[in-house]
Amino acid sequence: MKNSKNINKHPNYMNDVSKALKTIFGTLLLTFFLFSCETNDDNDVDTDIEVLDYTTIQGFFEANGVQDQIFTIDASVGGSITGENGTIVTFPANTLVDESNTLITGNVDVAIKEIFKPSQMILSNKPTNAIGFSSENTFLLSEGETEVIVSQNGTEVQLAPGMNYQVSVPSAGGMDNEMLPFSGTASDDEGIIWNALSDVGAGSGNGMSFVAAPASYIYDVFDTGWSNCDKFYNYPGTKTTNYIDLTGSPNISETTVFLVFEENNLPAVVKFSTIYANGLQSYVDMLPEGLNVTYIAITIEDNQQYLAMDEVTIQDEEELTLSFEAKSTQEILDALTLLD
């Protein structure tokens with residue numbers, strides 16, 4: 001009863017309690033709202049982070065390089081296939097055998113890759129580094145790189161001994177007697193190294209010919225894998241060695257360096273794979289002094305990709321330091337497309 005008397009003595013008591021409860025409830029509601037906003041903001045940030053499916057530079061190449069185009073032909077009949085960028089691969093009838101050298105019949109899958117542009121060469125790790133006729137390291141101007149892999153029921157098959165197929169590639173530079181057919185040996189570190197299949201130019205009985213309409217080169221290939229219609233880059237001036245200091249790279253061990261230039265609409269992409277004290281260097285006395293080029297370096301560290309690009313004029317025995325910036329995959333693709 002004392003409580004009842006007290007309430008009766010203070011008629012504003014219930015109003016005070018109500019106001020206090022409203023204040024407490026309002027504070028709790030505001031706290032919940034602010035917490036929810038912070039949580040949503042965090043979620044928004046998280047959704048903007050690009051999650052990569054790879055942790056190495058080789059994984060970057062495999063994910064972003066030129067992908068296979070798959071076709072089917074009858075091995076007993078042969079046939080031609082045409083890639084998205086105009087490469088034509090033609091197999092004569094009865095030219096394929098299995099590992100026991102038994103003639104293949106029936107349908108086979110033909111996987112091809114077409115590479116014409118500097119961006120494709122970089123993203124696919126397929127530069128134009130080559131070995132010259134005197135076993136010197138050099139590089140090529142390219143009319144197109146092509147990979148051809150043939151399989152039946154998931155098992156790779158090969159050309160029969162003495163047989164060949166033909167590759168036709170669209171020409172950007174026009175008729176050039178210095179054009180040669182090349183075969184390539186691929187590796188993760190060097191990307192690919194090209195060796196000439198002939199030492200005489202197009203139209204000189206080397207299995208390569210030029211067709212004016214549409215402008216294209218046609219050449220014979222004697223093994224599946226990588227082939228190329230290129231020419232050696234000849235420079236009459238002084239050549240030098242350049243060095244790329246990578247001590248500022250976020251991850252030196254996963255950094256790859258390319259040099260890009262074009263001549264007569266033909267790209268040359270040179271990869272640096274020789275290690276020196278501070279980073280990577282070019283082949284010795286291979287780069288033409290005074291040539292305007294673009295250096296590109298790409299690396300990956302802790303789910304973040306980095307890109308460095310620098311336009312320079314090649315100087316004698318120069319050491320360059322590149323500046324790396326964090327980039328998304330799309331930003332890297334967009335930047336490399338500008339080189340095409």
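How many helices and how many strands are there in the chain? There are five helices and 25 strands. Helices here are DSSP runs of H or I with at least four residues, strands are E runs of at least two, and both are numbered from the N terminus.

**Before you start**

This is a predicted model, in which local features need pLDDT of at least 70, side-chain atom pairs count only at pLDDT 80 or more, and totals for chains, interfaces and linings use all residues. Residues are numbered from 1 along each chain as its sequence is written, and side-chain values use heavy atoms, with hydrogens and water left out.

**Whole chain**

Colour by pLDDT, the predictor's confidence in each residue, from 0 to 100. The chain has a mean pLDDT of 88, and 84% of its residues reach 70 or more. Now select residues 1-47. Here pLDDT stays under 50, and the model has zero contacts beyond four places in sequence for this stretch. A contact means heavy atoms within 4.5 Å.

Of its 340 residues, 44% count as buried. Buried means under 20% relative accessible area, exposed means over 50%, and partly exposed lies in between, with a 1.4 Å probe and protein chains only. Take the contacts between residues at least 6 apart in sequence: 72% of them join residues at least 24 apart.

**Stop 1: helix H3**

Select H3, residues 57-64. Its buried residues are Ile57, Gly59, Phe60, Phe61 and Asn64. They pack against H4, S17, strand S22 (292-301), strand S23 (304-313) and helix H5 (329-337). Keep H3 on screen for the pockets.

**Stop 2: the largest pocket**

Rolling a probe the size of a water molecule over the atoms shows where empty space is left. A pocket, on a 1 Å grid over the protein atoms alone, is an open set of points where a 1.4 Å probe fits, with protein on both sides within 12 Å along at least five of seven lines; lining residues have an atom within 4 Å of a point. Grid points are joined across faces, edges and corners, and a volume is the space filled by probe spheres set on the points.

The largest pocket has a volume of about 370 Å³. Select Asp189, Ile252, Ser253, Thr255 and Leu280, the closest to its centre of the 17 residues that line it. H3, strand S17 (256-263), strand S18 (266-272) and strand S20 (279-281) each give two or more residues to this lining. The lining residues divide into seven nonpolar, six polar and four charged. Here Ala, Val, Leu, Ile, Met, Phe, Trp, Tyr, Cys and Pro count as nonpolar, Asp, Glu, Lys and Arg as charged, and the others, Gly among them, as polar.

**Stop 3: the second largest pocket**

This pocket holds about 240 Å³ of space. Select Gln58, Glu62, Lys113, Ser124 and Lys126, the closest to its centre of the 16 lining residues. H3 and strand S10 (180-187) each give two or more residues to the lining. The largest share, three residues, comes from H3. Four of the lining residues are nonpolar, seven polar and five charged.

**Stop 4**

Go to valine 148, in strand S7 (residues 137-152). Is valine 148 buried or exposed? Valine 148 is buried, because its relative accessible area is 0%. Beyond four places in sequence, the residues it touches include Val89, Phe91, Tyr165 and Gly225.

Next, select threonine 128, in the loop between helix H4 (118-123) and strand S6 (129-131). Threonine 128 also counts as buried, at 0% relative accessibility. Among its contacts, leaving aside neighbours within four places, are Met121, Trp194, Asp230 and Pro267.

**Stop 5: glycine 78**

Glycine 78 lies in the loop between strand S1 (69-74) and strand S2 (79-82). Its relative accessible area is 15%, so glycine 78 is buried. It touches Phe91, Pro92 and Ala93, not counting residues up to four places away in sequence. Draw a distance from the C-alpha atom of glycine 78 to that of proline 92: the value is 4.7 Å, for residues 14 apart along the chain.

**Stop 6: backbone angles**

Most residues other than glycine have a negative phi, and most peptide bonds are trans.

- Asparagine 101: phi is positive, about 65°. This residue lies in the loop between strand S4 (96-97) and strand S5 (107-115) and is partly exposed at 49%.
- Asparagine 125: phi is positive, near 55°. This residue lies in the loop between H4 and S6 and is buried at 2%.
- Alanine 213 and proline 214: a cis peptide bond joins them, with omega about -10°. Proline 214 is in the loop between strand S12 (208-211) and strand S13 (216-221).
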